[in-house]
Amino acid sequence: MTGLVDTDGDAPDERAALFPPSRAAALERLSDFAPRAGRHYAAQRNRDPGPGGRDNVSLLSPYIRHRTISEHEVITWVLARHSPEAAEKFVQEVFWRTYWKGWLQMRPSVWRAFLEERDSDRARLAKDDGLREAVAAAEAGRTEVDGFDHWARELVATGYLHNHARMWFASIWIFTLKLPWTLGADFFLRHLLDADPASNTLGWRWVAGIQTPGKTYLATIENIARFTDNRFSPQGLASEATAIRDEAPPPAGALPVPRTLQRGRRVLLLLHGDDFSGQEVLPEGTDVAAIAVARRSHPDMPWHFGAATGHWVDTLAEDAARRAGESLQQPATVLPQLDTETLRLQCAAAGVTTIATPEAPVGPLADALAVISDELAEDGIEVISLRRMWDDLAWPHATHGFFRFKRQIPELLARNGL
Ligand SMILES: Cc1cc2nc3c(=O)[nH]c(=O)nc-3n(C[C@H](O)[C@H](O)[C@H](O)COP(=O)(O)OP(=O)(O)OC[C@H]3O[C@@H](n4cnc5c(N)ncnc54)[C@H](O)[C@@H]3O)c2cc1C
């Protein structure tokens, strides 16, 4: 990472204590939070009382992002305890994630453009001492901007920030510190346990004013003081936020057509960090000969996670292998990385020529699987990516803004049996 300070390891790592990497922990958190997901959440969710005091939000994003628990499951629990009216706000927030995923799925060029711009901003760091020092100070929490320094350190130590803190942090990074937005998004991608190509990139683009033309997000001292219970009141924040450039997002392209798996087909089930519960997507009667769980992506298309978050995801992968092995009564192997040769050997050992895998949305795993599928096809091995019904129903509606998308939520819930 040219010129970047790797802040991993500089701070005590609290990830596993705050977010135990297992489905059992995710379910416990969901059952504890569900009673508060109604009017309490709607009224309180914007407050950030700081680590240790956050019973106003679910803290489920690291598990949902890797689909250790699914959106369907989370909303099922919540709607079992609240009326649709009382849970409306929480349900909408979960659908924000679905909306961003669908939006990017129809515009993969936005992810590629982010990566290119980030790489060219990284290259600038190597040449520009002032910029490099400013980015290093921001990442290490040495800017003396009240609040901002705390959030930088909190992110590195815990792998999590409250939604409002993410907005303030991104706004101060872009408009007060005047740092390149892609390097801020990259800082989040390396440290957040829930770091996601869609939610993160589009969240940063939205703050910067390039996601919704004409709209930026300006952090203010009043808003920060009010919603942090006066823990922070940063002086000297930018007083205006002009979109970093005048750019309209590309129009929606066609969604790739989802694949289906013939009933009774004998397969190697491949799970990965975009869906650690992918066994749920197999059609009934699928003959699973063996299970492989990839801890990381392809070495040429690596995960964005830094060392501490990567280690946390590794543990979640091991948990996924245990669970899938138990539920399907088949051996499950954890693969250190996703590559063609390893999968070829796995298929040979299991005596299969089909790999079934939950679909990886736009991001490093999707890129890796595209290359691997082509290479395995030469050996007569077919990789079939299966889309979850949740995504299949919702994504086609992410053509315009969220406000148009959210009108579909009642219908989407009904079609999901909720
Ligand atoms: C600049 C920026 C970057 C972000 N990067 C990410 C990211 O990489 N990954 C990520 O999952 N979220 C991201 N978010 C969205 C949001 O901040 C987190 O999902 C949320 O803070 C997670 O905490 P929680 O689980 O307690 O959320 P809750 O408030 O309890 O919400 C429940 C669930 O809904 C989803 N959700 C809630 N708010 C949003 C939102 N605004 N956008 C998308 N999904 C949402 C999450 O899956 C979350 O777990 C980002 C937001 C901003 C402003």
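Predicted model: local features only at pLDDT ≥ 70, side-chain atom pairs only at ≥ 80, totals over all residues.

Me: Fine. What is the secondary structure of the protein made of, in helices and strands?

Reply: There are 19 helices and 5 strands.

Me: How does the radius of gyration sit against the value for a compact globule?

Reply: A compact globule of 418 residues would come out near 22 Å, and the protein has 21 Å, so the two agree. Along the principal axes, the C-alpha atoms fill a box of roughly 65 × 55 × 45 Å. Of the 418 residues, 55% are buried.

Me: And what do the contacts say about sequence separation?

Reply: Take the contacts between residues at least 6 apart in sequence: 75% of them join residues at least 24 apart.

Me: Now a helix. What is the general idea there?

Reply: An α-helix has 3.6 residues a turn, so residues three or four places apart point the same way. Here, have a look at H11, residues 181–191.

Me: How many of the residues of H11 are buried?

Reply: 11 of its 11. Among them are Trp181, Phe187 and Phe188, along with Asp186, Arg190 and His191.

Me: Let's zoom in on Leu376. Is Leu376 buried or exposed?

Reply: Leu376 counts as buried because its relative accessibility is 0%, and the cut-off for buried is under 20%. Leu376 is in helix H16, residues 364–377. Leaving out residues up to four places away in sequence, Leu376 touches Thr340, Leu343, Arg344, Ile355, Ile381 and Val383.

Me: On to the rings. How do I read a pair?

Reply: A pair of aromatic rings is described by the distance of the centres and the angle of the planes. The count for this model is 28 aromatic pairs. One of them is Tyr63 with Trp312, a tilted pair with 6.1 Å centre to centre and 50° between the planes.

Me: Which parts does that pair tie together?

Reply: Tyr63 lies in helix H4 and Trp312 in helix H14, so the pair ties together parts 249 residues apart in sequence. Tyr63 is buried at 0% relative accessible area, and Trp312 counts as buried at 3%.

Me: Which residues form an aromatic cluster?

Reply: Phe95, Trp96, Tyr99, Trp100, Trp390, Phe402, Phe403 and Phe405 form one.

Methods. Residues numbered from 1 in each chain as written. Heavy atoms only, no water. Helix = DSSP H or I, 4+ residues; strand = E, 2+ residues; numbered from the N terminus. Rg over C-alpha atoms; globule rule 2.2 N^0.38 Å. Buried < 20%, exposed > 50% of the residue type's maximum accessible area, 1.4 Å probe, protein only. Contact = heavy atoms within 4.5 Å. Phe/Tyr/Trp six-rings, centres within 6.5 Å; stacked < 30°, edge-to-face > 60°.
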